[in-house]
Amino acid sequence: TTLDDKKRSAEDRDAEIARLQERILELEDIEACGVSPDTERELVVTLNEMMIGTLNRLDLDDLLRRMLHRIQAMLNTDHAFVALVDEETQRISVRVATGVFGEYVGTSMARGEGGAGKVWETGSPLIAHDVTQWDGRSPQFAVTSYRSIAEVPLVARGRVVGAIGIGAVDTERTFGERETSVLSRLAEAVAVAIDNAQLHSQ
């Protein structure tokens, strides 16, 4: 990587952070579809923390764990994860996780495999209400440990760098627009933090 490339990457990162700041201001002025005012306020706090952590170059895993704990509280679930893309191996791996996903930290999938692999491939949110009946599930994950999932892509500078998702073990619990809306808003900040960490590791 040349100095010019690093400079361009830094400029792109700064532009992403500027856009994130704009999104935070927007969130303070509008109410998201299906999201309560309390959740909206929590979103603003979380996005601010992610942005400050990014600017201060805090440890990425610690930053992601903090964010997952906030997601658990906002979306009333004990099960969440972040998976990151490895451009060299062309695999997406679970980086940090809570609840039933904790045992899968380090598990990697091919593009299109499982929820994270499918989100990486399509660049779009994904909801599976019953993974036991979902053809796209990965054989690496035990379908008996959870029932439904909701996942969204992490996009930085126009490319998918990972996925963030939640799960439920209760057969009565399903996910919808509210969950993907919250995850998508947080994904903006997470993607900037990941991109920033990768930039400074070069």
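Guide: Two strands count as paired if DSSP finds at least two bridges between them. The model discussed here is predicted.

Visitor: What makes strand 5 and strand 6 a pair?

Guide: Strand 5 is joined to strand 6 (residues 159-168) by 9 bridges. Pairing requires at least two bridges, so the two strands qualify. They run antiparallel, and Glu 151 has Gly 165 as its bridge partner in strand 6. In their hairpin, 2 residues lie between the strands, and Arg 157 takes a positive phi near 50 degrees.

Visitor: How do you know that strand 4 and strand 5 pair?

Guide: There are 3 bridges between strand 4 (residues 126-128) and strand 5. The threshold is at least two, and therefore this is a pair as well. Its strands are antiparallel. Leu 126 is bridged to Glu 151 of strand 5, and Glu 151 is bridged to Gly 165 of strand 6.

Visitor: Why is strand 5 called mostly covered?

Guide: A residue is buried when its relative accessible area is under 20%. In strand 5 (residues 148-156), 8 of the 9 residues are buried, so the strand is described as mostly covered. For the protein chain, buried residues make up 48% of 202.

Visitor: Which residues of helix 4 are buried, and what covers them?

Guide: In helix 4 (residues 114-122), the buried residues are Gly 114, Gly 115, Ala 116, Gly 117, Val 119 and Trp 120. Buried means under 20% relative accessible area, so each of these residues falls under that limit. Their cover includes strand 1 (79-86), strand 2 (91-97), strand 3, strand 4, strand 5 and strand 6. Just after the helix, Gly 123 takes a positive phi of about 70 degrees.

Visitor: Where do these elements stand in the order of the protein chain?

Guide: The pattern along the sequence is α-α-α-β-β-β-α-β-β-β-α, which comprises 5 helices and 6 strands. Among contacts with a separation of 6 or more, 59% link residues 24 or more positions apart.

Visitor: Where is confidence lowest, and where is it highest?

Guide: Helix 1 (residues 3-29) has the lowest mean pLDDT, 57, whereas strand 3 (residues 108-110) has the highest, 97. Over residues 27-33 the pLDDT is below 50, although this stretch has 11 contacts in the model beyond near neighbours in sequence. The protein chain averages 80, and 68% of its residues score at least 70.

Notes: Residues numbered from 1 in each chain as written. Predicted model: local features only at pLDDT ≥ 70, side-chain atom pairs only at ≥ 80, totals over all residues. Heavy atoms only, no water. Helix = DSSP H or I, 4+ residues; strand = E, 2+ residues; numbered from the N terminus. Buried < 20%, exposed > 50% of the residue type's maximum accessible area, 1.4 Å probe, protein only. Contact = heavy atoms within 4.5 Å. pLDDT = per-residue confidence, 0-100.
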